[in-house]
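The structure comes first, and the description follows.

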Amino acid sequence: MSKQQHQYVEVPVVCAILILLFSLQHYGTHRLGFVFAPIVLTWLLCISTIGVYNIFHWNPHVYKALSPYYIYKFLKKTRGRGWMSLGGILLCITGSEAMFADLGHFTQLSIQIAFTFAVYPSLILAYMGQAAYLSKHHVLESDYRIGFYVSVPEQIRWPVLAIAILAAVVGSQAIITGTFSIIKQCTSLGCFPKVKIVHTSSRMHGQIYIPEINWTLMLLCLAVTVGFRDTKHISNASGLAVITVMLVTTCLMSLVIILCWRKSYIYALAFIFFFGTIEALYFSASLIKFLEGAWVPVALSFIFLLIMYVWHYGTLKRYEFDVQNKVSITWLLTLFGSSNLGIVRVRGIGVINTELVSGIPAIFSHFITNLPAFHQVVVFLCVKSVPVPHVKPEERFLVGRVGPKEYRLYRCIARYGYRDVHRDDVEFENDLICSIAEFIRSDKPLNYSPDLENETGTNERLTVVAASSSNLEGVQIFEDDGSDKQEPSSSSEVTVVAPSPRIKKRVRFVLPESARIDRSAEDELTELTEAREAGMAFIMGHSYVKAKSGSSVMKKIAINFGYDFLRRNSRGPCYGLSTPHASTLEVGMVYIV
């Protein structure tokens, strides 16, 4: 079969394997590991066994090649040709370094043990076995026969080929999972657009799946496979990518030695001189193959660097606008307390969804100054994901006041673990209202003083309040159709019957038997009850970022086109709950940066 006929078979098979591999990613690393782990162990055992066989069968003295002296002797003898061959020698280690990209999916100790006692000895034995074979068969009919499989005994050559294909799939899996971890870290740092992150394990926080990155990576792999149709070009691209990562890691490690480990500059210089010199030698040899496929990782890196820079630049400018235009709590209280400004408080509960855990979002001031009317009860709601699998229901809510008690302004932070299932809108509303009612019941009087405001412009105390579904001893909420039936309970109740015939439901807070509340708390609960009966409105913020007039052409392109395109095609802020569309209001605001 000719080389062209080989491509007609190999390329479709490789594409089919890639599609299957990427289609299995949503099952998670912990499930795929049960399938891939035996394959890796079988492959390592296979190459090490074949290596030991070749060593003893062809040249038992090949162990001397481990001496660095032969590296010097080889380069001295071959000079330029030997230096150029380093680009091919580099391919001997590509793939094994992918284990270190999985630090988010496995512990550091497990990777160290696996590499030291399994991967590294197996690779050494395999390459020593090939060297022993080639020392007796260095004159071959054609160069393409010089490889790993020619040193494998013919009786087991095809089974070894099958295991090798499966092992290559596993190596690709390590790169995929490592990419997920890197993208997640970049997203957390604000250096990459927001993407959907699915946690596939309740025990390991780092085991994640990102659908958008998964399918994008699959398309890129298919494009490279179909475009090159040759392992030589793909190997050149892989070699330059790997040695570049190693060289950059060495440079960054020298900074870690100085800044994090607090060691002397001498240690850092010695580290970067020793490892950097070796890696720079391989890097220079790989650059020769730039036009033979090595340009691909450079081009992709430039594209992703441009995306990350534009997103980070736009996010930074947006944050600076928020800081410069932050709303003072004093301004808000003046606005609510002054009758001359015409602010009207209407019945109901207004829930302001925000990503801020403190302070007043600028979107709220934008809304209130353009439409001077708001609800009698205002709740600034922030839904946060915390790096634990589950948050106990009794620790779900943090509730506090914003300003004096008479203004009925509250802040609520709802915390969810990455494996928690968010409740539907009705259950969440009831838990939210009950948490505020429980806070009102258990809150101790505290005189508000603007002089005690912290750097965020607030004077808030947040209290952990359990959700009503888990706190049977706390405040419970009951809703009915307004009939005169009473729940058989010895608990005390705060009941308000709607006087208007248009309101069909009645809301009641049932307090514990031992509950004792003062008159002001009872009035506050009564007002909360009336507001709940009138209904809830959810206010969502939606911002647009534009470059101010007079900005440079590059800034206008980056903000008005680049950042705007990324923002419209990335996931918006995750508020963590599904709100009813009928009672949701989206407020738009233009950020001029």
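Helix α10 (residues 295-324) and helix α15 (residues 553-568) pack at an angle of about 100 degrees. Angles of 65 to 115 degrees count as roughly perpendicular, and α10 and α15 are therefore roughly perpendicular to each other. The axes of α10 and α15 lie 9 Å apart in this predicted model. From α10, the contact takes in Ile 307, Val 310, Trp 311, Tyr 313, Gly 314, Thr 315 and Arg 318. These residues meet Lys 555, Ala 558, Ile 559, Gly 562, Tyr 563, Leu 566 and Arg 567 of α15. Sorted by class, the contact of α10 with α15 holds eight nonpolar, three polar and three charged residues.

On the α3 side, Phe 74, Leu 75 and Thr 78 make the contact. The α4 side contributes Gly 80, Arg 81, Gly 82, Trp 83, Ser 85 and Ile 89. Four nonpolar, four polar and one charged residue make up the contact of α3 with α4.

| Helix pair | Angle between axes | Distance between axes |
|---|---|---|
| α10 and α15 | about 100 degrees | 9 Å |

Seven strands form an open sheet with mixed pairing, in the order β7-β5-β6-β4-β3-β11-β12. Its edge strands are β7 (463-465) and β12 (584-592), each of which pairs on one side only. On average, neighbouring strands of this sheet are turned by 30 degrees against each other, direction ignored.

Within the sheet, strand β3 (residues 344-353) runs parallel to strand β4 (residues 373-386), and eight bridges join them. Ile 352 stands opposite Phe 380 in β4. Strand β3 also pairs with strand β11 (residues 536-546), again in the parallel sense, over four bridges. Gly 350 has Ala 537 as its bridge partner in β11, and Val 351 stands opposite Phe 538 in β11.

Helix α12 (residues 362-370) lies across β3, β4, β11 and β12, and runs at about 105 degrees to β12. Helix α14 (residues 519-534) lies across β3, β4, β5 (397-401), β6 (409-417) and β11, at about 80 degrees to β3.

How many cavities of 30 Å³ or more does a search of the whole structure find? The search finds one. The largest cavity holds about 40 Å³ of space. Its lining consists of Gly 87, Leu 91, Ser 235, Asn 236, Gly 239, Leu 240, Ser 286 and Lys 289. Helix α8 (residues 231-259) supplies the largest share of this lining, four residues. By class, the lining of the largest cavity divides into two nonpolar, five polar and one charged residue.

Definitions and conventions:
Residues are numbered from 1 along each chain as its sequence is written. This is a predicted model: local features need pLDDT of at least 70, side-chain atom pairs count only at pLDDT 80 or more; totals for chains, interfaces and linings use all residues. Side-chain values use heavy atoms; hydrogens and water are left out. Contact means heavy atoms within 4.5 Å. Helices (H or I, at least four residues) and strands (E, at least two) are DSSP runs, numbered from the N terminus. Ala, Val, Leu, Ile, Met, Phe, Trp, Tyr, Cys and Pro count as nonpolar, Asp, Glu, Lys and Arg as charged, and the others, Gly among them, as polar. On a 1 Å grid over the protein atoms alone, a cavity is a set of points where a 1.4 Å probe fits but cannot get out, and a pocket is an open set with protein on both sides within 12 Å along at least five of seven lines; lining residues have an atom within 4 Å of a point. Grid points are joined across faces, edges and corners, and a volume is the space filled by probe spheres set on the points. Two strands pair if DSSP finds at least two bridges between them. Axes are lines fitted to C-alpha atoms, for helices over the stretch in contact, and angles run from 0 to 180 degrees between N-to-C directions. Angles under 35 degrees count as roughly parallel, over 145 as roughly antiparallel, 65 to 115 as roughly perpendicular and the rest as oblique.
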